[in-house]
Structures are given as structure tokens and as C-alpha cells.
Amino acid sequence: MRRKILISSLIIIIGFFSFTHYSKALEKKNKDRDDVYKQLDLFADVFTYIKNDYVEEAQNKDLIYGSLKGMLAALDAHSQFLDPQDYAELKVDTQGKFGGLGIEITIKDGLITVVTPIEDTPAWKAGIKSQDRIVKINNEVTRNFSISEAVKKMRGAPGTEVTITVLRENEAKLLNFTIKRDIIKIKDIKEPKILEDGIAYIRLVEFRERTQEELERALQNLKKEGMRALIVDLRNNPGGLLSAAVETAEKFIERNKIIVSTVGRDAKNKIEFKSNEGEPILDIPMAILINEGSASGSEIFAGCLQDYKRAIIIGTKSFGKASVQTLIPLSDGSAIKLTTSKYFTPLGRSIHNQGIMPDIVIEAKEMPLDKEEKKEEITRAEEVFEKIENKTHEMPPKDESLKKDFQVLSAVNVLKGVLVYNAQENRQ
């Protein structure tokens, strides 16, 4: 009898607490709903005042689009509203061919900031650098510009010019660049070659739709040439498509391993991206080069291989942009890009605003030239000036050798040491 009374009492207590919890949750939900309605009433009031009293007639679409842009911009630097034109341009970007200057930008500390100039584009050739702050475009101050607004101002017909003013903080000065727009064609993989002693080098410019396909082709050719070790150069790689970064990383790690995870508002909704490569390359030592222009997808790739001790990371700390933007198309051809989660490495390290710290920190600098190299440089300078004086456009080809790149040479020396060590281990 006492047992039945005790059980009945427990049921009543549990029911009371459950009801109390439910009542509080319901009360909070009703309060949130009332607050939303109150704010929407405020929005409707302002909308009506503008429609009735603004000095010029305002179009409904312009007001709604402007409101949506402000709403998304208030969240963070990467969430944004894309009108139909902006959305169409974004879809072109991911396919690897578009018109403009060739600058990957973000908003950092409230300023339009260059993540990296894309190699061999007008911006790259003009001397734009990672971390440059774009403070003016065609003499228009970029204060309160969204990323899409800045991109729209810098894009235009090929052959036309745009002047941008940048603040280069480490030099404490403003610099003006007048740059001629061009069609930007991005080749994801550049300079696949054997440097020496079977040590291969690949420069991965950006992660796009065809990256994995181009990488596979480059690796097959390097294998035929006797590849024994590999340097993957991610310097100034601004990222790109998450799927392409995952496909690239899985090429070098064991099957069914976590490459990256994303965590949103609710930590329970954790999404893990795992490797699914049938024949990964696991038998050669690797080094990855990064710098302050390496962001997003390149940080995912470097962080993954660093966590699994699959590659030695060399260079300087990466940019630290690792939030996930989900692209949501809307009914009128516009879209919103909404930050929905952040990236974490396989060991749970947060990349956002932290960046990837190299295993070996090597600052960028050029190796001093020996006598023969100085002679070659003088000869080239004379050839260039001779071409200019003769007003011909065909310039002598520049020596694209990596032998002056201190970070590349450091990676070569590290991999040489690993190869020697592995050879000794195999003999024992």
C-alpha cells in the first residue's frame, strides 16, 4: 500500500514539473511571437511613412530588397541578400570564369578586406596584396558596403578601368591602383612538376567544380615522372566550394575518416564529412604551404591533414575564415547567403578567427642570388627595356622557377629529411 502511494506521489510530482516546464516553454514561445509581431508592426509603420511621405516615390521592391540587405548584413560579415543579378554572378563565380579584377574579398573589422588576389589576374599583376583594406572604389568611400556591393562596383566590361584605394596597414599608407578589368579564368591546378629527388610540387589556386578532376590528372602525370613526395601549395588560396575541398582532402587520407565537421546553433546537429576515396594516396610524405591568404577550403584541407599527421604544414598562420554559408534561393530569382554553422577540424579545433598554425613557421622571403643568377637577372632587365624601347608587346618569358622561394625550398628540405628517415627505417 505504501509503495502504491509512493509511486502515485512520484507520478504527481513528475507531472507537476512537466506541466510547469511546458507552461514556461509555452509562455516563452508566446512572448517571442508577440515580440515578433510588435517589431513587424514597427516595420509596417516605417514602410508606410516612406511610401506616403518620402520626397520621391519609392518602389515597393526597392524598399523590400533594401530591408532584406540590411537584415542579413546585421547578422555577420558573410551573410547577405543577393538580388537576382548578384545571385547569377555568384553562380558564374563557382564555375571558374567571370569578369573583373580577380580579387577575393571579405569584411573584416568592418572594412572590405582582400583575402587574396587570384594569381595571374589584373589585381595580382597590379600588386594588390592579402590583407589590403579597400577604402575607396572609383573615389567612392566603401564605408558600410556589403561584399556584393563592392564586387558589383569592381566588376565591369573587360578592357574598362577601375581605380581602387587600399590601406596597407603594415606600411601605414594609402595606395591607389588603376586596374584594367579582364575576363577572369581560374585554373585550379598550376605548375605540377617534379622539383628534385622525386619531390613533386602542385599549386592549388582555388577549390571549384573541376578541382578534383584536375588534381587527379596532375597526380597521375607526376606518378609517371617518379613522384616520391609531394608539396601542395595553398598560399593565397581563398577557399571556394566545400565539396571540392572535401574531395581533395580525401585523396590523401584513409577511407571513412572525418575530414571536417560543421556545427550550427544546436551542437546536436553536427554534420560530419567523411572520406570516401577508393584508392587514396597514403604512401608518400607530404608538405602543405599556407599563409595569411589561405582561407576557408584551404584551411579545411590543411587542418584535416595536420590533425591526422598526414602532412607537415609550413609557412605562416592562415586567414581564419571558417563559417559555413548556406545559399537559399528565393521565389523571384534572388537568394540569401546565410551563415548556418562553423567548421571544425577532425580533432574538434575551431578554425574561425583562429586560423591554422603551421607545424613549421617560415616567413616568406626570397633566397639571395648567386653571381650567375644576378647576371641572368641583369640580362632579362636589358631584354625587357629593349622591348619597351622598340614598342613591341612580346615580352621575354619570365623565369618561373621556384628556386628563389624560401618557403618552397624549406618544404623541399623537410621532405628530403623525411625520405632519408623512411629509407633508414625500411632497412632496419
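**Entry 1. Conventions**

I take two strands as paired if DSSP finds at least two bridges between them. I use helices (H or I, at least four residues) and strands (E, at least two) as DSSP runs, numbered from the N terminus. I note that this is a predicted model, in which local features need pLDDT of at least 70 and side-chain atom pairs count only at pLDDT 80 or more, while totals for chains, interfaces and linings use all residues. Residues are numbered from 1 along each chain as its sequence is written, and side-chain values use heavy atoms, with hydrogens and water left out.

**Entry 2. Overall content**

I looked up the secondary structure of the protein and found ten helices and 19 strands. Of the 428 residues, 40% are buried (under 20% relative accessible area; exposed is over 50% and partly exposed lies in between, with a 1.4 Å probe and protein chains only). I then examined contacts (heavy atoms within 4.5 Å). Among those between residues at least 6 apart in sequence, 67% join residues at least 24 apart.

I traced an open sheet of six strands in the order 10-11-12-15-16-19, with mixed pairing. Strand 10 (189-196) and strand 19 (360-361) stand at the edges with a single partner strand each, so one side of each has no neighbour in the sheet. Within this sheet I checked strand 15 (residues 286-290) and strand 16 (residues 312-315), which run parallel and are joined by four bridges. Leu-289 stands opposite Ile-314 in strand 16. Helix 10 (residues 406-427) packs on the sheet and touches strand 10, strand 11 (199-204), strand 12, strand 15, strand 16 and strand 19. The direction of helix 10 makes about 155° with that of strand 12 (axes are lines fitted to C-alpha atoms, for helices over the stretch in contact, and angles run from 0 to 180 degrees between N-to-C directions).

**Entry 4**

I followed strand 7 (residues 161-168) to strand 8 (residues 173-180); the two run antiparallel and are joined by eight bridges. They form a hairpin with four residues between them, and Ala-172 in the turn has a positive phi of about 55°. The bridge partner of Arg-168 in strand 8 is Lys-173, and Leu-167 stands opposite Leu-174 in strand 8. On strand 5 (residues 133-137), I found four bridges to strand 7, again in antiparallel arrangement. There Arg-133 stands opposite Leu-167 in strand 7.

**Entry 3. Salt bridges**

I counted a salt bridge where a side-chain nitrogen of Lys or Arg lies within 4 Å of a carboxyl oxygen of Asp or Glu. The count comes to 21 salt bridges. I inspected several individually.

Arg-208 and Glu-206 form a salt bridge with closest N and O atoms 2.9 Å apart, and both residues are buried. For Lys-193 and Glu-191 the closest N and O atoms are 3.9 Å apart. Lys-193 is partly exposed at 28% relative accessible area, and Glu-191 is likewise partly exposed at 22%.

The side chains of Asp-233 and Arg-235 meet in a salt bridge at 2.7 Å, N to O. Asp-233 is buried, with a relative accessible area of 1%, and Arg-235 is buried at 10%. I also noted one network of salt bridges that share partners, joining Asp-132, Arg-168, Glu-171 and Lys-173.

**Entry 4. Asn-236**

I located Asn-236 in the loop between strand 12 (229-233) and helix 7. Asn-236 is buried, with a relative accessible area of 17%. Not counting residues up to four places away in sequence, Asn-236 touches Thr-116, Trp-124, Ser-130, Arg-203, Val-205, Asn-291, Gly-293 and Ser-294.

**Entry 5. Helices 7 and 8**

I examined the packing of helix 7 (residues 242-249) on helix 8 (residues 297-307): the angle is about 25° and the axes are 9 Å apart. From helix 7, Leu-242, Ala-245, Thr-248 and Ala-249 meet Gly-297, Ile-300, Phe-301, Cys-304 and Leu-305 in helix 8.
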